[in-house]
Amino acid sequence: MSVSSPPRSLRIGSRKSQLALVQTYWVQAELSKHHPHRQFEVETMSTQGDKILDVALAKIGDKGLFTKELEVGMLDRSIDLAVHSLKDLPTNLPEGLILGCVTERVNPADALVVNSQNQDYQLDTLPEGAVVGTSSLRRLAQLRYHYPHLTFKDVRGNVNTRLAKLDAGEYDAIILAVAGLERLGLGDRVHQVIPAAISLHAVGQGALGIECRDADPEVLEVLKVLEHAPSRDRCYAERAFLRELEGGCQVPIGVNTAIEDGILTLTGMVASLDGKRLIKDSVSGDPSHGEVLGRDLAHKVREAGAGEILAEIFAEVGR
Ligand SMILES: NCc1[nH]cc(CCC(=O)O)c1CC(=O)O
């Protein structure tokens with residue numbers, strides 16, 4: 001009787017933040033469950049985005065701030081796959097790497113989080129001058145558009161750092177992803193789920209993206225058990241929209257997607273930084289044609305005024 005050798009063990013790369021680790025250990029546990037004869041090891045790395053915490057994120061033009069070191073690791077084969085919050089993964093990946101798997105998405109919405117002094121308020125009732133913390137241009141522009149009487153202030157750091165600043169009174173409220181709070185076991189801090197009519201979420205928000213080498217069919221096969229087709233189709237459409245519009249710097253772009261009766265509807269918006277202009281439209285079609293839907297919507301909003309907004313932002317930030 002021949003004894004077959006065990007399959008090669010796979011190394012999973014992760015950032016060191018608590019959220020990244022929760023997500024990576026979840027992926028490790030799921031993969032181990034589905035592939036009981038294979039070993040999965042976790043390798044943690046600091047990324048540039050974890051190190052430069054004192055600079056407003058919006059001012060850092062570089063994409064892939066949270067992914068670069070992990071990508072280098074995959075290319076030099078010190079790791080085999082990397083787990084990302086899909087919204088942090090650039091839409092264009094380095095040569096040789098692909099988005100191998102999109103996991104089932106949890107709630108992609110943003111949340112209003114308040115401190116103990118502001119428990120009675122909702123977004124609609126926060127008083128003139130209330131200080132709202134966010135470092136996302138997307139959240140900033142949409143909230144300025146709907147609530148011009150509020151004051152917005154940058155907030156950096158990981159989720160726990162931001163909550164500590166809120167609770168210390170530096171802000172009346174902050175905006176965070178529902179998904180991140182829930183994954184950290186902080187779902188009770190979600191004070192209000194912000195409706196899509198007020199704030200469209202980030203591309204890929206609430207889903208995990210697993211990146212790997214494109215020439216590694218063994219890893220791609222292993223990842224298939226975690227792929228969630230509807231989440232993948234929605235996120236592919238969202239990513240195509242963003243890829244078509246962005247020029248390598250952070251811009252206020254938000255989306256929403258749904259699949260109903262076999263039809264994917266993608267809604268997207270581009271807003272000016274001052275929140276005075278906001279262009280929003282939708283397209284619908286076959287869920288497997290996400291690339292086309294995303295590009296079509298990008299052309300639609302560009303024609304409707306988003307082109308001008310983006311040109312202004314690119315001119316200001318410098319590409
Ligand atoms: N930019 C940081 C980041 N990346 C992913 C999440 C939350 C989880 C997710 O959206 O999947 C967060 C925190 C936040 O935006 O509140």
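**Notebook: domains, ligand site and salt bridges**

**Entry 1, layout.** I began with the domain division: domain 1 covers 1-102 + 205-226, domain 2 covers 108-191, and domain 3 covers 227-318. A reminder to myself that I am working on a predicted model.

How many residues of domain 1 are in contact with domain 3? I get 19 residues from domain 1, and they touch 13 residues of domain 3.

Next I checked the area. The two domains bury about 1,300 Å² between them, and 49% of that is on carbon and sulfur atoms. I then went through the polar side of the interface. Eight residue pairs are in polar contact between domain 1 and domain 3, counting pairs with both residues at pLDDT 80 or more. Which element gives the most to the side of domain 1 that touches domain 3? My answer is strand β4 (residues 97-102), with four residues. I also sorted the residues on that side of domain 1 and noted 13 nonpolar, four polar and two charged. As for salt bridges across this interface, the rule finds zero.

- Lys-87 places a polar side-chain atom 2.6 Å from an oxygen atom of the ligand.
- Ala-177 takes part through its backbone, with a polar atom 2.8 Å from a ligand oxygen.
- Arg-183 has a polar side-chain atom 3.5 Å from an oxygen atom of the ligand.

How many salt bridges does the structure hold? I count 17 of them. One that I looked up is Asp-216 with Arg-8, where the closest N and O atoms are 2.8 Å apart. I placed both partners: Asp-216 sits in the loop between β10 (208-213) and α7 (217-223), and Arg-8 in the segment before β1 (10-15), so this pair ties together parts that are 208 residues apart in sequence.

Technical notes: Residues are numbered from 1 along each chain as its sequence is written. This is a predicted model: local features need pLDDT of at least 70, side-chain atom pairs count only at pLDDT 80 or more; totals for chains, interfaces and linings use all residues. Side-chain values use heavy atoms; hydrogens and water are left out. Domain bounds come from an automatic or database domain assignment. Contact means heavy atoms within 4.5 Å. Buried area is the accessible area (1.4 Å probe) that two parts lose on being put together, summed over both. A salt bridge is a side-chain nitrogen of Lys or Arg within 4 Å of a carboxyl oxygen of Asp or Glu. A polar contact is a pair of N or O atoms within 3.5 Å; within protein, one must be able to donate a hydrogen and the other to accept it, and residues adjacent in sequence count only if both atoms are side-chain atoms. Helices (H or I, at least four residues) and strands (E, at least two) are DSSP runs, numbered from the N terminus. Ala, Val, Leu, Ile, Met, Phe, Trp, Tyr, Cys and Pro count as nonpolar, Asp, Glu, Lys and Arg as charged, and the others, Gly among them, as polar.
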